[in-house]
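Subject: Structure handover

Hi there,

Here is the structure I promised to pass on to you. Please have a look at it first, and then read my notes below.

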Amino acid sequence: MTKIKTEAQYQSLLKKIDQLMDVVGKETHPTDPDYVELDILTDLVEEYENVHYPIGTPTLVDVLKLRMYEMGLTQSKMAELIGVSASRVSEYLSGKSEPTLQVARNMHKKLNISPAIILG
């Protein structure tokens, strides 16, 4: 098989990968037939998923909400952390406003958000 052509093939290979995951472990040698098969099938599945189930780049709003959750921050605490007002954070979270360059730097440094996501 050089390429997954149907959803049925994809689902079948996912089941096979699950079976192989029970057999292949850290101690399995890379030349072991099960290891080789797992490696080939995961590459095929990855290629299929990249085409049929792509994962897009998250928006700044999505990432800000995630960081708030991960860090246990309220809008007020996030505002203090990045040096803006709580109402400005609310505008960022609603998509009504975009951060200035200085605020973008603070988001990157204090919240560990990629500049590519911040600047869109």
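One definition before we start: two residues are in contact when they have heavy atoms within 4.5 Å of each other. As for the background, this is a predicted model, in which local features need pLDDT of at least 70 and side-chain atom pairs count only at pLDDT 80 or more, while totals for chains, interfaces and linings use all residues. Residues are numbered from 1 along each chain as its sequence is written, and side-chain values use heavy atoms, with hydrogens and water left out.

Let me begin with the chain as a whole. Its secondary structure consists of seven helices and zero strands, where helices (H or I, at least four residues) and strands (E, at least two) are DSSP runs numbered from the N terminus. Read from that end, the order of elements is α-α-α-α-α-α-α.

How does the radius of gyration of the chain stand against that of a compact globule of 120 residues? The chain has 22 Å, whereas such a globule would have a value near 14 Å. The radius is taken over C-alpha atoms, and the globule rule is 2.2 Å times the number of residues to the power 0.38. Along the principal axes, the C-alpha atoms fill a box of roughly 60 × 35 × 20 Å. P33 itself belongs to helix 2 (residues 33-52).

Of the 120 residues, 30% are buried; the classes are buried (under 20% relative accessible area), exposed (over 50%) and partly exposed (in between), with a 1.4 Å probe and protein chains only. P33 is exposed because its relative accessible area is 63%. Among contacts with a separation of 6 or more, 49% are between residues 24 or more positions apart.

The accessible surface comes to about 8,400 Å², and carbon and sulfur atoms hold 53% of that. These areas come from the Shrake-Rupley method with a 1.4 Å probe, and for residues only the protein chains shown count as cover.

Now for some individual residues. S97 sits in the loop between helix 5 (86-94) and helix 6 (101-111). Is S97 buried or exposed? S97 counts as buried, because its relative accessibility is 15%. Not counting residues up to four places away in sequence, S97 touches R88, E91 and Y92. With R88 there is also a side-chain polar contact of 3.0 Å, that is, a pair of N or O atoms within 3.5 Å; within protein, one must be able to donate a hydrogen and the other to accept it, and residues adjacent in sequence count only if both atoms are side-chain atoms.

N106 is in helix 6 and is buried, because its relative accessible area is 19%. Leaving aside neighbours within four places in sequence, N106 is in contact with I82 and L111. N112 lies in the loop between helix 6 and helix 7 (115-118). Its phi is near 55°, a positive value in a residue other than glycine. N112 is exposed, because its relative accessible area is 57%.

Finally, K5 is in the segment before helix 1 (7-23) and counts as exposed because its relative accessibility is 68%. K5 and Y48 are 43 residues apart in sequence and 8.3 Å apart in space, C-alpha to C-alpha.

Best wishes
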